[in-house]
Amino acid sequence: TMMKRHLLCATGRVLAASRTAAGSRRAPINAASIWATRARPALHARSFAEEAAAAAAAPEQPAEPVEEPVKDEKDARIEQLEKETKDLQDKCLRTMAESENMRTRSMKNVDDAKKFALQKFATSLLEVADNLGMALASVPEQDRKQDQKLNAFLEGIEGTDRLLHKILSAHGVTRVWPLNEKFDPHKHEALFEMPKTGEAEPGTCGQVLKAGYCLNDRLLRPAQVGVVQEAK
């Protein structure tokens, strides 16, 4: 027990001596080093401010042009083919449109040729119809009743006139007889004005001198009429 106590005391003395020696070897604190440590952030801030001012005062350098990457030969070929395809599609569409327009015009021309092929021939027959009508209108009704031969002759003329108009109608030629109808400058030709008589309204055809004719809604000849004028 006594030996243990002596060993513990010796050990305590050794530890105390080692601590004292370590404390004596510690470097002394210098005031200059403390000032340098505190002044370092200020120096860094000053250097940063000087660099920023210098950068602001320096003239701006023009930006260097960015070089575009050179296109690959394959990409260039694809772009060329796409452009050619677009041009060909445009030409194809234009050609189709022109063909359709030409087809439509051709069909219209053929249709018009069918409808109006008889225009000149029908126009030449109108004088025949006019002469037959004037022959019938020239004989008073009283004379027809008194003369049987004359009446039979006129009946033959009437039959010829009806047959002629029937044939003309079968080929698209229609008669225009606008008595008491509103005057239409597109279908009627006004030769004179006449005073209002009876129930005739002003601006209507009060008298028809010569019938008009149309071929499939195309005017061959306007009707020659007298127009009722306003009462003065």
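**Sheet, helix, confidence**

I started with the open sheet: three strands in the order β2-β6-β3, with mixed pairing. (Two strands pair if DSSP finds at least two bridges between them; helices, H or I of at least four residues, and strands, E of at least two, are DSSP runs numbered from the N terminus.) I noted β2 (188-194) and β3 (205-210) as the edge strands, each pairing on one side only.

Then I checked β3 against β6: they run antiparallel and are joined by four bridges. Cys-205 has Val-227 in β6 as its bridge partner.

Ground rules: this is a predicted model, where local features need pLDDT of at least 70 and side-chain atom pairs 80 or more, while totals for chains, interfaces and linings use all residues. Numbering starts from 1 along each chain as its sequence is written, and side-chain values use heavy atoms, without hydrogens or water.

Next I looked at α6 (residues 148-170). Which of its residues are buried (under 20% relative accessible area, 1.4 Å probe, protein chains only)? I found Asn-151, Leu-154, Ile-157, Asp-161, Leu-164, His-165 and Leu-168. These pack against α4 (119-137), α5 (141-146), β1 (173-176) and β4 (212-215). At the N-terminal end, Asp-147 is the cap, with a side-chain oxygen 3.2 Å from the backbone nitrogen of Lys-149. After α6 comes Gly-172, with a positive phi near 90 degrees.

Last, I read the pLDDT, the predictor's confidence in each residue from 0 to 100. The chain averages 78, and 69% of the residues score at least 70.

Terms used:
Buried < 20%, exposed > 50% of the residue type's maximum accessible area, 1.4 Å probe, protein only. Contact = heavy atoms within 4.5 Å. Polar contact = N/O pair within 3.5 Å; in protein donor to acceptor, adjacent residues only side chain to side chain.
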